[in-house]
Amino acid sequence: MEDMKKRKMDEGSNNGSGETSTTQDYLRSLLDPLNKSQLVDLLSRLGSQYPSIAEEIKGLASADPVHRKLFVRGLAWNTTSETLCAAFQMHGEIEEGAVIYDKATGKSRGYGFITYKHMESAQSALGAPSRLIDSRMAVCNLACEGLTGASTTPDLAQRKLYVGGLSPEISSEMLLNFFGRYGDIEEGSVAYDKDTNESRGFGFVTYKTVEVAKKAIDDPHKLFGGRTIIVKLADTHRSKTVQTHLPAPMVPLQVPMGAGGYAQPGKAPAGGGAPVGYPYPQTVAPYPASSYPNPPVAPAPYPTQTQISYAQVPSKKEPLGHSPAPPVGMGGYPPYYYPKQ
């Protein structure tokens, strides 16, 4: 009897495992055609209803680095990997952290990455995405988002300000303290030269709200560091300073070489081919085949008129030869001058 009971229990367990595998295959066939958004909605509803499913989802998410790796931008050129890790270790244990350097120059590229051991630590760091590191305001977001994080919202153009005319002594920390009186700053820094690490005389400040940015622009008191500074929207400054230059169309030119290696424009190359050497050849339309019309025939000559004869008038004939000398008076005077008697 006992052997019969054991056989039945074994058969039941085998049937149960078979039914379970059949059920999983059936569910997979149902879930396979669904797209990502449908699966996310389904799992989120199940996770909110069943805590065990929620814990399983969290375990899978925490194992994936995509939820634990942060992208940090706006770093100073002298910030090292150790300094970067020290600024983020308050939120939890760091698995990996590094500043990215240019391979050719060996200098920092101004950004880096932080990977936490637990997903909760990354979420804690994202709660305060902006922080001062080496006197510069750095910003972090999930690395999977890249530059499409919170700083690239549609209203970014209305929140990011350009600050010009800065004194060389003004640091990023001083800049943030000055503009922090208007409201919360998301990020900002002075622009530094990569080679000399000296201020370039301008910087950028991004506020968290558009209203605070407008307040900073409208404030007439803009004396900072002993200088009158310029504050305006960064996009406005960029549109005025950056101009697009369209290159002139270039026509490939193949100039044939003559004797002595000198170019001879307009002649065919030595290897044959059509004459080249003029950058913009223009084709001339052929003349029409039809000949031009003959010129108009001249009109007939006017009718001849009869000549009228006139009576001849006799003319006085002058004597031939030299004209007679005029009479001369006494002493060589004309004849009408005579001396008194």
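The chain is built from 9 helices and 11 strands, where helices (H or I, at least four residues) and strands (E, at least two) are DSSP runs numbered from the N terminus. This is a predicted model, in which local features need pLDDT of at least 70 and side-chain atom pairs count only at pLDDT 80 or more, while totals for chains, interfaces and linings use all residues. Residues are numbered from 1 along each chain as its sequence is written, and side-chain values use heavy atoms, with hydrogens and water left out.

Of the 341 residues in the chain, 25% are buried; buried means under 20% relative accessible area, exposed means over 50%, and partly exposed lies in between (1.4 Å probe, protein chains only). The chain exposes about 25,900 Å², of which carbon and sulfur atoms supply 57%. Accessible areas come from the Shrake-Rupley method with a 1.4 Å probe, and for residues only the protein chains shown count as cover. Among contacts between residues at least 6 apart in sequence, 60% join residues at least 24 apart; a contact means heavy atoms within 4.5 Å.

Within α7, the buried residues are S172, L175, L176, F178 and F179. Seen down the axis of α7, these buried residues fall within an arc of 160°, so they line one face of the helix; the arc is that of the directions from the helix axis to the C-beta atoms. An α-helix has 3.6 residues a turn, so residues three or four places apart point the same way. Not counting residues up to four places away in sequence, L175 touches V163, L166, I170, S189, V190, F204, V205 and F224.

Beyond four places in sequence, F204 touches K160, L161, Y162, L175, E187, G188, S189 and A234. The C-alpha atoms of F204 and L176, 28 residues apart along the chain, are separated by 9.6 Å. Strand β8 also holds T206, which counts as buried because its relative accessibility is 3%. Leaving aside neighbours within four places in sequence, T206 is in contact with L156, R159, K160, I185, E186 and E187.

Charged pairs form a further theme. The structure holds 5 salt bridges, each a side-chain nitrogen of Lys or Arg within 4 Å of a carboxyl oxygen of Asp or Glu. One of them joins the side chains of E187 and R73 (3.3 Å, N to O). E187 lies in strand β7 and R73 in strand β1 (residues 69-73), so this pair ties together parts that are 114 residues apart in sequence. Both E187 and R73 are buried.

The side chains of E93 and K117 also meet in a salt bridge (3.9 Å, N to O). E93 lies in the loop between α4 (81-88) and β2 (94-101), and K117 in the loop between β3 (108-116) and α5 (119-126), so the pair ties together parts that are 24 residues apart in sequence. E93 counts as partly exposed at 47% relative accessibility, as does K117 at 42%.

A further salt bridge links R159 and D155 (3.2 Å, N to O). R159 counts as buried at 2% relative accessibility, whereas D155 is partly exposed, with a relative accessible area of 29%. D155, R159 and E186 are linked in a network of salt bridges.

Finally, the surface carries a nonpolar patch of about 450 Å², made by Y26, L27, L30, L31 and L34. Patches are made of residues with over 30% relative accessible area and no salt bridge: like charges are joined within 9 Å, and nonpolar side chains (Val, Leu, Ile, Met, Phe, Trp, Tyr) within 5 Å.
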